[in-house]
Amino acid sequence: MSVDQAVLLQGRRLDRPRAIGTSAAGLAVALVLFAVTPLQGRADFVVVGYLFAVGAYLLAAARTEGRRSVVDRLVGVLMVTAVAVCLMGLGAVLVYTAARGVKAMSGDFFTHSMAGVGPRDTNGGAYHSILGTLEQVLLATLISVPTGLLVAVYLTEYGRGWIAAAVRALIDMMVGIPSIVAGLFVFAFWVLALHQGFSGLAAAIALSIIMLPIIVRSAEEMIKLVPANLREASYALGIPRWRTVLRVVLPTASAGITTGVMLAIARVTGETAPLLLTAFGFDSIHRDPFHGPQSSLPLFVFSQAGSAFTTAVNRAWAGALTLIVVVLLLTVAARLVTRRNRLVA
Amino acid sequence: MQTIEKSTAGGRSEPPADRPPAGQRGDRIFAGLTTGVSVAILALLVVMMLFLFGKAWPALHKAGLAFFTERQWFPDAPKPRFGVEALVWGTVVSSVLALLIAVPVAVASALYVTEYARPVVGRWVGYLVDVLAAVPSVVYGLWGLYFLVPRMVGFQRWLGQHLGFIPIFHNPENLYGRSILAASVVLALMVLPIVAAVSREVFRQVPREMREAALALGATRWETVRMSVLPQSRSGIIGAVILGLGRALGETIAVALVLAVTFDVNIRILRPGGNTVAANIATKFGEAGVVGRSALIASGLVLFLITLLATAGARSVVRRTGRAATGLA
């Protein structure tokens, strides 16, 4: 096809060099404006420069193309802007936390607790709260993974009638429970009514309420993806249903189920609100998760962040960095497991 | 496959007819176990809800109807005065504001990923936006308080000085900082990945043929989106927005850290102060006495009901428009 025919079919298009050139020209005008007029400030320049560059680009497009095409380009610019806003937000959170956290890290941070450490002291660490988080999340996983899998198996294999409908409705509702309300559930029931007091276990129960629907949902999806012929092959060999579920269905779905479990763990590792009402927080090392208040890493960050002293706030940043690294590692690992999942890929 | 071979080799060569009793017993036990656990969890949650109500009752009884109109929070005073009006107001205003900021950005970024970007670029943008969802809320709170609030003072002052004639931007005290608006921006960042992820799924479910039909008629990419992608996805996007609303309504720690807690109905989003139900529980819990705790539980009950209503509303909208949204259906 000759060039003329292409123009006839598509209309004249603004080519890339001209688009970049005109945007740069718009930006240059903004620069000049900031140099000669009283306009100043970095944030102001970003806004004005962006508007000028986009304006020049769209004007150039309007000179060569029709109205519809210019609208298309405008929307494209808006979408790229939206993505840029998302990524800038993400970048600002990660970079600032990393910068402040690395600066605030000290040798004591992973080895010492806050026992006897005042807000203005520079020593003190998060050992007690890291220990608490590990114990609480481990307990929550031990509670929620087996029960979550059993509920998922019930819903996919056996669930019939109104009981199954009620269980499904409950799981749907649990997804929407704000985490602080999950904390209140456990506080009102376990801590107050059953007189169990604050403890790591109470925190683990609250976290399980948050983990359970995530695990049930993902396991249910994955079990549904297991090909029917695998099941039928197993039945044809005379293997009863329960063994088929345990030894064929669940192992086949295991990669997807693992992803769900890891995402659930990542989610609750950073939870703060329910722990406030259940673990309550504690300054010293407290290994026993079954009795007495315990700290946790998110609680540590929260309590240090509220302080008026830079030394305490620095500890909060170190804790925040630790928390982000752990949660992101879990999330990335969950994604890698998904990639190896034969059912989804 | 290995597992099947193993169990076949393990002496299971007789005809199945001889076997059923054992298999059936195992099946009955297994079915009973799964059903039992499911029903037990159902029962446990119902019991917990009843206890939540039971523990909230003393405060509700003491405050009476004033619980819904009182704008103070002194439950442990000799003459207790406390109510949720200011809290509910702050919760709703900050959440709605967060959605107003987050939804356009989230939907636009989702459209970019599914409709505009090359697949490789789109996939990576999707991953990165998902990372926003993984950041813990306490980190958002810390970041909001120490990074965002100082950097937003200038913008807020500009809004107050130039748009102060609009009531919500009116700020005669001329103090700027830890305002509802700042909290809403942090909330928006937290809601964004949820709305974006669900919207992406919704857009992906629009049949390819719909797009190709529009493109074949000579539509531009935007016209394709406007005429064939968006109309198909309307209910799904509503579902995504409500899911985000649920997250914003219940967010506790980020708001508790960013907002300078005051206790009044504050419709001036630039004025420092305000409070939400969830943040109030977090900040008042440590010092609360018996009535105080009961009052906080009662306020949590209100929050629970609000989120339940929101999600139930979303589900009915999604169902009525006839298309199941991911995560809600």
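Biologist: How far apart do the C-alpha centres of domain 1 of chain A and domain 2 of chain A lie?

Modeller: They lie 43 Å apart. This is a predicted model, where local features need pLDDT of at least 70, side-chain atom pairs count only at pLDDT 80 or more, and totals for chains, interfaces and linings use all residues. Residues are numbered from 1 along each chain as its sequence is written, and chains are lettered from A in the order in which they are written.

Biologist: What makes up the two domains of chain A?

Modeller: Domain 1 covers 3-104 and domain 2 covers 127-339; such bounds come from an automatic or database domain assignment.

Biologist: How many residues of domain 1 of chain A are in contact with domain 2 of chain A?

Modeller: Six residues of domain 1 are in contact with seven of domain 2, contact meaning that C-beta atoms, placed from the backbone, lie within 7 Å.

Biologist: Why is A:Ala25 called partly exposed?

Modeller: A:Ala25 has 15 other C-beta atoms within 10 Å. Buried takes 20 or more and exposed 12 or fewer, with partly exposed in between, using C-beta atoms placed from the backbone. So A:Ala25 is partly exposed.

Biologist: What separates A:Ala25 from A:Ala53?

Modeller: Their C-alpha atoms are separated by 7.2 Å, and the two residues are 28 residues apart along the chain.

Biologist: How many residues of chain B are in contact with chain A?

Modeller: 72 residues of chain B are in contact with 72 of chain A.

Terms used. Two residues are in contact if their C-beta atoms, placed from the backbone, lie within 7 Å.
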